[in-house]
Amino acid sequence: MTTTDSTLRTRLKRDLAARHARLDTLFSRFDLTTRPGLMGFLSAHRTAFAAIRPAPGGLIEPALLTRMIEAIDADLATLGAVVPPPLPPLQLTQPEAQDYVLLGSRLGSQLLRRRWAAATDPVLQDAGRYLTLPPLTGQWRRFCDGAEALGGSGTGPDAIIAEAGALFDLFVTAGHAACKPPCLSPEWTT
């Protein structure tokens with residue numbers, strides 16, 4: 001008999017819900033229709049991506065991280081921003097953890113892309129290489145199918161949950177470092 005907590009996918013969603021919500025709340029604070037807000041958002045992502053040392057295997061490969069970093073660097077250059085200082089590297093060992101967080105972030109970026117698209121500043125519109133990267137829905141679907149097929153208990157899933165949590169924490173750290181008051185959305189400054 002199977003329970004609702006029997007798969008890795010169920011555990012990832014349940015066990016990481018608070019961390020995921022904290023990250024979503026933080027990144028929702030960036031006003032992507034302003035230069036400081038978009039620079040902060042991009043700087044946070046660049047800092048986090050650059051710290052990640054991917055695990056072998058999985059659906060996210062170093063080439064994808066390189067493409068995302070290059071797109072962000074080009075956007076930051078368009079905005080006249082400098083590359084932010086690095087965070088300590090985070091060596092990953094669980095490909096499922098990186099796939100869950102990074103493929104999920106590509107989907108989340110598609111929602112944020114709509115906010116950015118509302119910007120009227122032409123320089124901001126020219127700084128959309130990262131936000132217009134493909135959402136990788138096919139890879140996300142493959143990840144979800146695989147995580148649905150894996151059991152949710154034991155040391156393997158526990159290690160995946162722990163490492164995915166560390167990735168969420170990495171993005172929160174990078175987001176806090178990049179989010180200064182001029183980057184905040186108006187609803188967060190009142």
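The structure described here is a predicted model. A total of 18 residues line the largest pocket, and those nearest its centre are His20, Asp24, Gly104, Ser105 and Gly108. Two or more lining residues are given to this pocket by each of three elements, namely helix H2 (17-28), helix H5 (95-117) and helix H8 (155-178). The greatest contribution comes from H5, which supplies nine residues to the lining of the largest pocket. By residue class, the lining of the largest pocket comprises ten nonpolar residues, seven polar residues and one charged residue.

The second largest pocket holds about 210 Å³ of space. Its lining is made up of 14 residues, among which Ser43, Pro84, Pro85, Ala177 and Ala178 are the closest to the centre of the pocket. The elements that provide two or more residues to the lining of the second largest pocket are helix H3 (35-51) and H8. H3 accounts for the largest share of this lining, with four residues. The lining of the second largest pocket contains eleven nonpolar and three polar residues, and no charged residue.

Technical notes
Residues numbered from 1 in each chain as written. Predicted model: local features only at pLDDT ≥ 70, side-chain atom pairs only at ≥ 80, totals over all residues. Heavy atoms only, no water. 1 Å grid on protein atoms, 1.4 Å probe; cavity = no way out; pocket = protein on both sides within 12 Å on 5 of 7 lines; lining within 4 Å. Nonpolar A, V, L, I, M, F, W, Y, C, P; charged D, E, K, R; others polar. Points joined across faces, edges and corners; volume = space filled by probe spheres on them.
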